[in-house]
Amino acid sequence: QDFKHFNPSEHGEFRKRLIEAFTYNKHNYYKGISCRCCVGQQAFDQQIDIHGGDTEFLTWANLFVNSNYPIFIEQVLPALQTYDTVMVCHRDANLSKLEFVVKDFRVGYNAMINDYHLIQDMKDWMDRDNVTGKLFLFSASTFSNLAIYELYKHNDKNTYLDIGTCLTPFMDMPTDRSYLQEYWLGKYGNDLNRTCIW
């Protein structure tokens, strides 16, 4: 479900859109970057440089995983459940255990390329139904980055949050990520002890 195919000669426009999403600046528009312990100092610095410097609106891309995952489950998830939530996720996901989800939009394989049109469908729905005050949760791989950017530009009266694979155990989706296997299956690993330091 996390399959991606990117060919620079075919998909250069999507790379450009991702850079736009990453360099866009607006109050309350937060962007996650990869930490130096995962990608190295050079790649970490490059992200800061591309963004135009460090700001209060940068955070970690892996904010809810590794050592933060137990906190996500115990504290963040209960808070999320207090919102009327729109879930953007893979078409194979089973949302019956997520009773706080009031609407969903589904993507398929290589969604960044194949399902880009869905962003306009979401905008049209928001405009038609005057959607404000909703929480949009994204578990849609790289599509999430593009959609959150476009939707926040279009309507900043909702909250758009990329939760990655954090809720896949509740959605009958694969728990391939090691932090999930450690937490839910008790498998040996060290991800739940990993903490990124800015």
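**His11**

I began with His11, which sits in helix H1 (residues 8–23). For helices I took DSSP runs of H or I with at least four residues, and for strands runs of E with at least two, numbered from the N terminus. The model is predicted, so I kept to its limits: local features need pLDDT of at least 70, side-chain atom pairs count only at pLDDT 80 or more, and totals for chains, interfaces and linings use all residues. Residues are numbered from 1 along each chain as its sequence is written, and side-chain values use heavy atoms, with hydrogens and water left out.

Is His11 buried or exposed? His11 counts as buried because its relative accessibility is 8%. I used under 20% relative accessible area for buried, over 50% for exposed, and partly exposed in between, with a 1.4 Å probe and protein chains only. Then I listed the partners of His11, leaving aside neighbours within four places in sequence: His5, Phe6 and Ile113 are in contact with His11. Contact here is heavy atoms within 4.5 Å.

**The sheet**

Next I traced the open sheet of 4 strands. Its order is S4-S3-S5-S6, and the pairing is parallel. Two strands pair if DSSP finds at least two bridges between them. Strand S4 (101–107) and strand S6 (159–162) are the edges, each pairing on one side only. Neighbouring strands are turned against each other by 20 degrees on average, direction ignored. Axes are lines fitted to C-alpha atoms, for helices over the stretch in contact; angles run from 0 to 180 degrees between N-to-C directions.

H6 packs on this sheet and touches S3, S4, S5 and S6. The direction of H6 makes about 155 degrees with that of S4.

I looked at S3 (residues 85–90) from both sides. S3 runs parallel to S5 (residues 135–139), and 5 bridges join the two. Thr85 stands opposite Leu135 in S5, and Val88 stands opposite Phe138 in S5. Towards S4, I found 6 bridges, again with parallel strands. There His90 stands opposite Val107. Why is S3 largely enclosed by the rest of the structure? Because 6 of the 6 residues of S3 are buried.

**H6 against H7**

Two packed helices are described by the angle between their axes and the distance between the axes. I checked both for H6 (residues 118–129) and H7 (residues 143–154): the axes come within 10 Å and cross at roughly 30 degrees. The crossing is right-handed. By the rule I used, a crossing is right-handed if the near helix is turned clockwise from the far one by less than a right angle, and left-handed if anticlockwise.

Which residues meet? From H6 I noted Leu118, Ile119, Met122, Lys123, Met126 and Asp127; from H7, Phe143, Leu146, Ala147, Glu150, Leu151 and His154. The residues of this contact divide into 8 nonpolar, 1 polar and 3 charged. Ala, Val, Leu, Ile, Met, Phe, Trp, Tyr, Cys and Pro count as nonpolar, Asp, Glu, Lys and Arg as charged, and the others, Gly among them, as polar.

**Cysteines**

How many disulfides does a search of the whole structure find? I got 0. The cut-off for a disulfide is a pair of cysteine sulfur atoms within 2.5 Å. Cys38 is in none; the nearest cysteine sulfur, that of Cys35, is 3.1 Å away. Cys38 counts as partly exposed, at 41% relative accessibility. For Cys196, the closest cysteine sulfur is also in Cys35, at 3.0 Å, which is too far for a bond. Cys196 is buried, with a relative accessible area of 17%.

**Positive phi**

Most residues other than glycine have a negative phi. I noted two residues against that background. Asn66 has a phi near 55 degrees, a positive value in a residue other than glycine. Asn66 lies in the loop between strand S2 (58–60) and helix H4 (69–80). At 7% relative accessibility, Asn66 is buried.

Ser141 has a positive phi of about 55 degrees, although Ser141 is not a glycine. Its loop runs between S5 and H7. Ser141 counts as partly exposed, at 28% relative accessibility.

**Arg177**

Last, I looked up Arg177, in the loop between S6 and helix H8 (178–185). Arg177 is partly exposed, at 38% relative accessibility. Arg177 and Asp49 are 128 residues apart in sequence and 29 Å apart in space, C-alpha to C-alpha.
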